[in-house]
Amino acid sequence: MIEPFRVMKILGEAKALQAQEKEIIHMEIGEPDFPSLNCVHEAAYAASQKGLTHYTPTLGLPELRQKLADFYHSFYRADVSADNIMLTPGSSSALQLILTALLNPGDKVMMADPTYPCNRQFVNLLQGRLLSIPVSEQSRYQLNTSLLEKHWQSGIKAVMVATPANPTGTVIEQNELHRMAHFLAERNAWLVVDEIYQGLVYDRPAESILAHKDLPENVIVINSFSKFFGMTGWRLGWCVAPDSLMPILDRLGQNLYLAAPTPAQYGALRVLEEDALAELESRRQIFESRRNLLYQALQQNGMAPKLMPEGAFYLYWDIAEFATDSERFCADLLSQEGVALTPGIDFSPIAGQHHIRLAYTTDNEKLLEAVERLGHFIAR
């Protein structure tokens with residue numbers, strides 16, 4: 001059974017309360033609060049004025065695929081061929097395509113618990129078998145080679161990781177990712193790496209596993225124009241896959257959606273220019289300052305998460321000393337205090353009942369107000 005994405009339910013309830021003129025602080029949805037850059041709007045409009053609104057090739061605009069290859073070289077110091085890049089309608093479509101290409105019914109997929117909930121649903125949809133490995137702050141809520149060794153079993157086709165991760169904001173160090181890739185290559189399994197938050201990292205450089213020179217041919221990378229690039233509603237993502245998978249992904253895309261949205265692809269061409277990237281860097285710095293402010297405020301009020309995240313725009317908070325039902329906690333907090341957060345049960349069937357995700361996708365004043373309201377709620 002495909003389970004609901006609970007954050008969307010919280011968002012709908014929060015907007016319904018707003019319609020009743022209740023002041024809501026939105027910290028539930030994983031979406032930057034900034035609009036997409038004006039240069040993106042202008043580029044998409046200019047393309048439409050020229051009549052560039054027809055289907056593109058299924059793999060995407062050739063010039064955008066090359067632009068992304070150049071971006072990998074300049075931003076990540078990674079040598080990636082445009083031939084190995086495929087544009088998709090959001091990174092979720094890339095995940096769906098890749099798992100469809102890799103899995104037969106009964107194949108096993110290992111991932112951390114907690115994880116992005118749609119990953120589990122895609123595996124279920126394809127009749128794969130899910131191996132959710134409980135992780136905690138001891139491993140920074142991430143899988144590593146030791147955990148792969150400990151939980152390894154026959155029939156595993158792929159391991160899925162995200163760095164930085166949703167909902168925790170933690171990263172896997174590049175040397176560890178490299179070890180994991182080789183461990184899996186020796187066992188004829190794939191490593192699927194979600195890098196959609198990789199541009200949004202703090203106190204460290206942005207990195208990609210694709211920068212490793214001796215990377216085995218079992219690594220697939222997912223990325224998106226939604227998070228760092230701020231183009232959520234444009235629905236554009238991409239994947240980087242080995243030569244052997246590209247014809248299969250192309251055929252799947254032809255049948256499932258024909259091509260990614262054309263206006264979005266022209267907008268993405270523009271957002272990869274140097275001046276646009278500089279503006280996005282300014283936004284990254286704002287997210288970093290919000291992270292620091294929110295973590296410090298929670299800490300001062302005795303509500304600090306166990307780990308400071310290294311990326312994305314989330315804090316993952318263990319509320320076990322305050323509550324044991326995260327869904328009820330979030331529902332009551334929303335109705336009583338007007339603060340919208342996401343219950344951990346969305347991300348973790350194992351330990352999600354006592355975890356909450358806070359998204360710092362709103363301004364500093366609202367973040368501090370949210371902490372104050374949280375304090376009032378817990379005190380009651």
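On a 1 Å grid over the protein atoms alone, a cavity is a set of points where a 1.4 Å probe fits but cannot get out, whereas a pocket is an open set with protein on both sides within 12 Å along at least five of seven lines; lining residues have an atom within 4 Å of a point. Volumes are the space filled by probe spheres set on the points, with grid points joined across faces, edges and corners.

This is a predicted model, in which local features need pLDDT of at least 70 and side-chain atom pairs count only at pLDDT 80 or more, while totals for chains, interfaces and linings use all residues. Residues are numbered from 1 along each chain as its sequence is written, and side-chain values use heavy atoms, with hydrogens and water left out.

**Whole protein.** Start with everything shown: the protein has 12 helices and 12 strands, where helices (H or I, at least four residues) and strands (E, at least two) are DSSP runs numbered from the N terminus. Its radius of gyration is 20 Å, close to the 21 Å that the globule rule gives for 380 residues, so the protein is as compact as a globular protein of that length; the radius is taken over C-alpha atoms, and the rule is 2.2 Å times the number of residues to the power 0.38. Of the 380 residues, 60% count as buried, that is, under 20% relative accessible area, with exposed meaning over 50% and partly exposed in between (1.4 Å probe, protein chains only).

**Largest pocket.** Next select Ile29, Gly30, Glu31, Lys227 and Thr232, which are the closest to the centre of the largest pocket among its 31 lining residues. This pocket has a volume of about 680 Å³, and α1 (6-19) gives the most to its lining, with four residues.

**Helix α4.** Select residues 91-102, the 12 residues of α4, which reaches 16 Å from its first C-alpha to its last, close to the 16 Å expected; the expected span is 1.5 Å times one less than the number of residues. Helix α4 also supplies at least two residues of the lining of the largest pocket, and its buried residues include Leu95, Leu97 and Ile98.

**Cavities.** For the largest cavity, select Ala112, Pro114, Thr115, Gln142 and Ala162, which lie nearest its centre among 13 lining residues. About 90 Å³ of space lies there, and its lining has nine nonpolar, four polar and no charged residues.

**Helix α7.** Finally, select residues 174-185, where the end C-alpha atoms of α7 are 16 Å apart, in agreement with the span that its 12 residues should have. Its buried residues include Leu177, Met180 and Phe183, and what covers the buried residues of α7 includes α6 (145-151), β5 (156-162), β6 (190-194) and β7, with contact meaning heavy atoms within 4.5 Å.

Key. Ala, Val, Leu, Ile, Met, Phe, Trp, Tyr, Cys and Pro count as nonpolar, Asp, Glu, Lys and Arg as charged, and the others, Gly among them, as polar.
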